[in-house]
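Trainee: I would like to learn how to read a few features of a model, beginning with a metal site. Could you take me through them one at a time?

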Amino acid sequence: MPIIAPSLLAADFLHLGAACTMLNESEAEWFHLDVMDGSFVPNISYGLPIIEQIKKTTSKVLDVHLMIVHPEKYIADFKKAGADVLTVHYEACPHLHSTLQLIKAQGMKAGVAINPHTSVELLKDVIQDIDVVCVMSVNPGFGGQKFIEHTYEKVSALKNMITLANASTLIEIDGGVTEHNAAKLVKAGADVLVAGTTVFKAADPKAMIVTLKHC
Ligand code: DX5
Ligand code: ZN
């Protein structure tokens with residue numbers, strides 16, 4: 001069964017507390033938190049103070065997805081705010097290996113996200129150092145976009161790479177995940193499913209989390 005990581009980007013920001021309570025009562029194991037800077041991606045979301053407040057409401061895993069340039073500058077700040085998994089973008093890190101070590105030195109799990117155009121092959125030399133690979137199945141920046149079908153092939157290739165390397169890296173899928181593609185993604189090798197719109201716009205978000213988990 002996959003880990004479900006609802007993305008709070010799709011929650012009602014005026015009632016974030018209620019969204020956190022709902023997730024705490026649900027079968028979701030992770031909270032997915034999208035940080036956007038208007039530079040790496042063409043959108044601005046929320047940052048450290050919001051994450052700090054969310055941390056106070058939950059003992060579940062805070063999975064922070066940094067869509068920002070120079071993520072290495074803020075590693076200690078996100079640790080302090082409560083991140084458990086800190087994910088940086090491959091495309092934003094000229095010294096990825098070093099950035100991963102800095103994240104782990106702070107006691108967090110290290111994640112690497114790859115954009116739809118980035119080949120999984122580029123992670124081969126660092127796969128042992130990555131706790132979570134976040135495969136973007138949309139172009140990052142916005143919730144509610146259409147799932148890119150080529151993702152399945154990337155997940156299978158990544159799964160092979162991880163198995164061959166005897167690594168324990170988790171594969172996370174982010175963008176356009178629904179109850180219709182979840183099972184196929186898990187079959188291809190996905191361990192963690194991020195879902196924003198599918199969970200928060202559902203008539204019954206908790207029931208949707210159950211559906212995704214038992215896909
Ligand atoms: C997109 C973000 C996603 C987003 C997913 O840039 O990284 O986490 O919240 O939203 P949905 O599930 O609506 O595609
Ligand atoms: Zn995300």
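Mentor: The six donor atoms around the zinc ion (ligand 2) subtend angles of 71 to 171°, which makes the arrangement octahedral; six donors count as octahedral if opposite donors are over 155 degrees apart and all others between 65 and 115. This is a predicted model, in which local features need pLDDT of at least 70 and side-chain atom pairs count only at pLDDT 80 or more, while totals for chains, interfaces and linings use all residues. Residues are numbered from 1 along each chain as its sequence is written, chains are lettered from A and ligands numbered from 1 in the order in which they are written, and side-chain values use heavy atoms, with hydrogens and water left out.

Trainee: Which residues coordinate the zinc ion (ligand 2)?

Mentor: Donors are N, O and S atoms within 2.8 Å of the metal (3.2 Å for Na, K and Ca), and as water is not among the atoms, sites may look incomplete. Here the zinc ion (ligand 2) is coordinated by H32 (NE2), D34 (OD), H65 (ND1) and D174 (OD), at 2.0 to 2.3 Å. Along the chain these donors follow the spacing H-x1-D-x30-H-x108-D. Distant parts of the chain are linked by the pair D34, in strand β2 (residues 30–36), and H65, in strand β3 (residues 61–67), which are 31 residues apart; strands (E, at least two residues) and helices (H or I, at least four) are DSSP runs, numbered from the N terminus.

Trainee: Are D34 and H65 buried or exposed?

Mentor: Buried means under 20% relative accessible area, exposed over 50%, and partly exposed in between (1.4 Å probe, protein chains only). Both D34 and H65 are buried.

Trainee: How many aromatic pairs does the structure hold?

Mentor: Rings of Phe, Tyr and Trp (its six-membered ring) pair if their centres lie within 6.5 Å, and planes under 30 degrees apart count as stacked, over 60 as edge-to-face and the rest as tilted. The structure holds two such pairs. F13 and Y46 are edge-to-face, at 5.9 Å centre to centre with 80° between the planes. F13 lies in the loop between β1 (3–6) and α1 (16–24) and Y46 in the loop between β2 and α2 (48–57), so this pair ties together parts that are 33 residues apart in sequence. F13 is partly exposed, with a relative accessible area of 46%, whereas Y46 is buried, at 10%. F147 and Y152 form a tilted pair, 5.3 Å centre to centre with 55° between the planes, and both residues are buried.

Methods
Tetrahedral: all angles 85-135°; square planar, octahedral: opposite > 155°, others 65-115°.
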